Each structure stands twice: as C-alpha cells, then as structure tokens.
Amino acid sequence: MKVDGKHFRSIWRDGWTALAIDQRRLPHEFIVARLTTCAEAAEAIRFMLVRGAPLIGATAAYGMALAMRDDKSDAAIDRACETLLATRPTAINLKWALEEMRQVLRPLAPSARSDAAYARADDIAEEDVVINQGIARSGLGLIEAIAAKKPDQTVNVLTHCNAGWLATVDWGTATAPIYLAHDRGIKVHVWVDETRPRNQGASLTAWELGHHGVPHTVIADNTGGHLMQHGKVDLAIVGTDRVTANGDVCNKIGTYLKALAAHDNEVPFYVALPSPTIDFNVADGITQIPIEQRGAEEVTHMTGRTADGRIETVRIVPEGSPAANYAFDVTPARLVTGLITERGVLKANRAALAAAFPERISAAAE
Ligand code: MRU
C-alpha cells in the first residue's frame with residue numbers, strides 16, 4: 001500500500017536486518033525502526049511497535065532469523081521460540097510462524113540454518129501478501145453484491161480496530177476487499193471504530209484509508225449500534241487474532257458487542273482471516289483462548305498531538321481509580337455471517353473450515 005505515493009509494506013528486509021514501521025508513532029510521525037537481534041524483534045512485538053496477528057507472525061519469523069545469526073544451535077532455536085512466544089498470548093499467528101520456522105530449521109545442519117531462516121521468514125511475509133490478495137478477491141463479491149442492490153449509492157462498511165495493511169505485511173485482511181472494491185471504482189465508505197483503549201482504528205485504520213483515498217469516518221466505539229438501527233451500515237468486516245475449529249472468533253475488545261448489534265439489526269457480520277489464524281487445536285473460543293490483559297495506563301491515559309505540534313500523553317481517569325484492560329473478546333460462531341478467507345467465504349463452523357483447510361487439521365493433529 002502507498003504512503004505519500006511510495007509503496008510500503010509494514011515489514012521488509014534490509015540485508016540481514018528487518019525494517020518495520022513503528023506503529024506507536026502513527027498517525028503523527030512516520031518512523032521506520034531497524035530490528036537487529038531476536039531480542040529487539042521480541043521487544044517490537046511486546047511493546048507494539050508492530051502489532052496485528054499476521055504481522056506479529058512475520059516479525060517473529062524474522063526474529064528467529066536474527067537469532068540464527070548469533071547462535072545456530074538446537075538450544076538457540078528453542079530459546080528464540082520461547083522468547084518470541086512469550087511476547088503476546090492471543091494471536092495464534094505467532095505460534096504458527098514459530099512452528100513453521102522450527103520445522104524448517106531443526107532438521108538442518110547448523111551451518112545451513114541462518115540462510116534457511118531468512119528464506120523461510122521472507123516466504124512467510126510473501127505468503128501473507130498473497131493470502132491477503134486472495135481474501136480481497138473473496139470479499140469483493142460481497143461488496144459487489146450490495147453495490148448491485150443500491151445502484152449509484154455508497155456501500156457502507158463498519159470495521160473495528162486495525163485489520164489493515166499495517167496489521168499484516170500488506171493489503172490487510174478486513175481492509176483487503178475494501179481496497180480492492182475502491183480500486184475497482186465501487187463507491188465504498190468505511191465507518192472506523194476508534195477502538196479504545198489503544199485507538200488502533202482512529203490512529204491506524206483512518207491513517208491507512210486516508211493515504212489510499214478511501215472515504216471513511218471515525219466514530220466513537222459505541223456508535224455502531226445506532227448506525228445499524230438507522231440503516232447506515234451495509235455490512236461489518238473485522239479481522240481476527242484466532243478462529244477456533246468451530247468458527248468462534250477472537251478479536252480486539254469490543255468486536256463481540258458489534259456482532260451482537262449486527263445480529264439484532266440483521267446487518268451481515270463478516271470476519272476476514274488468513275488460514276494461519278485458524279487454531280484447529282481449540283474448539284471453544286470463550287473458555288480456551290487466552291485473553292491478553294494489558295497495562296491499565298492504556299485505559300487511564302490518552303496520547304495525541306497538541307495544537308502546537310507536541311505529542312503528549314494525558315491522564316483522563318481520576319487518580320486512584322483502578323482500570324482493567326482486557327485486550328480481546330470472543331464472538332461466538334453463531335453471530336458470524338461468514339468467514340472471508342483466501343479460499344472463499346465460508347460458514348463459521350467446523351465442517352466448512354475443515355473442508356477448506358484440510359492440511360491445517362492434519363498439521364494440528366501432529
Ligand atoms: O492488539 P492488536 O493491535 O495487535 O490487535 C489487533 C487486532 O485485533 C486485529 O483486528 C487483528 O489482529 C486482526 S489483524 C489482520
């Protein structure tokens with residue numbers, strides 16, 4: 001995707017180092033960070049310099065490649081896996097990418113591991129882009145069908161958090177069909193949930209859409225239900241950090257409430273996902289997916305740009321009031337109209353997921 005006319009990905013390679021857009025600084029500053037060690041890659045994930053399930057996976061893969069420069073032993077592979085896996089608990093793409101790396105590296109002689117690690121990390125990044133282009137094609141049909149029913153009118157899509165190109169390597173998941181529809185000349189407008197507490201919608205999704213020229217409006221998180229009641233949302237498309245074998249969807253906190261409102265108002269609620277986000281080892285999302293709890297300061301404080309251009313963080317909660325910060329919630333499969341994948345739009349259930357991705361089931365069983 002483009003930033004001021006120049007094509008960027010969220011992460012890319014510069015020789016043996018990895019470069020990534022520092023997402024903590026957006027939308028006010030565009031800064032590229034250089035990752036030179038496995039520890040730096042782990043910190044980048046933990047402190048959300050990079051975030052979004054697919055990008056977390058790609059960054060971890062480069063983290064493993066960086067680890068292999070320093071030490072190519074079996075113990076180093078295990079150590080790097082452990083360090084990277086401990087960074088964030090919810091997005092399954094992290095575990096998936098590390099397992100992919102481990103499977104490639106373990107059988108090799110240590111001397112071959114560094115080159116192989118970079119090659120597999122590059123492939124993981126590249127595969128993500130191809131998968132997201134597939135998601136774009138799968139989801140385009142949904143938007144086209146709505147556009148056909150309301151000629152010359154705008155298709156209004158509601159999205160939550162940032163499941164855009166910044167959350168992946170390129171294109172995004174939830175945004176991929178939107179970008180494709182826009183590029184094909186369909187009139188599309190996006191309602192962007194601000195997504196408290198970290199505001200990934202307001203700061204990242206709005207920034208991305210703006211740079212690509214997609215019409216959008218940022219709304220407070222609680223606005224979606226009202227808009228749906230008044231026919232102002234044609235469909236919702238969100239991303240996900242983990243989809244269970246039964247089709248339950250874990251995503252940024254607040255997604256479940258949007259799904260409830262969509263259900264009540266008969267607004268189609270779609271979830272876009274790349275296949276590495278499916279966890280065939282887990283059936284029940286509500287009881288089995290670990291939900292990350294983050295620092296209270298994300299709730300108690302807000303960061304923004306002052307009128308004179310300074311970036312400042314201010315407290316918005318009374319001193320002494322405790323705050324809780326659950327980062328994700330689970331939307332049960334029954335509230336999901338469909339799963340937009342690189343292999344088509346699927347029903348959110350075990351049979352559909354298993355039929356579309358049989359190789360992932362057998363990998364999970366190993
Ligand atoms: O905490 P974050 O910013 O990593 O959470 C990101 C999300 O919840 C995204 O919607 C999800 O990862 C899907 S990314 C394509």
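Helices (H or I, at least four residues) and strands (E, at least two) are taken as DSSP runs and numbered from the N terminus. The model is predicted, and local features therefore need pLDDT of at least 70, side-chain atom pairs count only at pLDDT 80 or more, and totals for chains, interfaces and linings use all residues. Residues are numbered from 1 along each chain as its sequence is written, while side-chain values use heavy atoms, with hydrogens and water left out.

An open sheet of 3 strands runs in the order β3-β4-β5 with antiparallel pairing, where two strands pair if DSSP finds at least two bridges between them. The edge strands, β3 (11-14) and β5 (32-35), each pair on one side only. Between β3 and β4 (residues 17-21) there are 4 bridges in the antiparallel sense, and isoleucine 11 has alanine 20 of β4 as its bridge partner. Helix α2 (residues 53-70) packs on the sheet and touches β3, β4 and β5, contact meaning heavy atoms within 4.5 Å.

A pocket is an open set of points on a 1 Å grid over the protein atoms alone, where a 1.4 Å probe fits, with protein on both sides within 12 Å along at least five of seven lines; lining residues have an atom within 4 Å of a point. The largest pocket is lined by 28 residues, of which Arg24, Pro197, Arg198, Asn199 and Thr303 lie nearest its centre. At least two lining residues come from each of α7 (200-212), α11 (297-300), β14 (301-305) and β15 (311-315). In the second largest pocket, α4 provides the largest share of the lining, 6 residues.

Note on methods. Axes fitted to C-alpha atoms, helices over the stretch in contact; angles between N-to-C directions.
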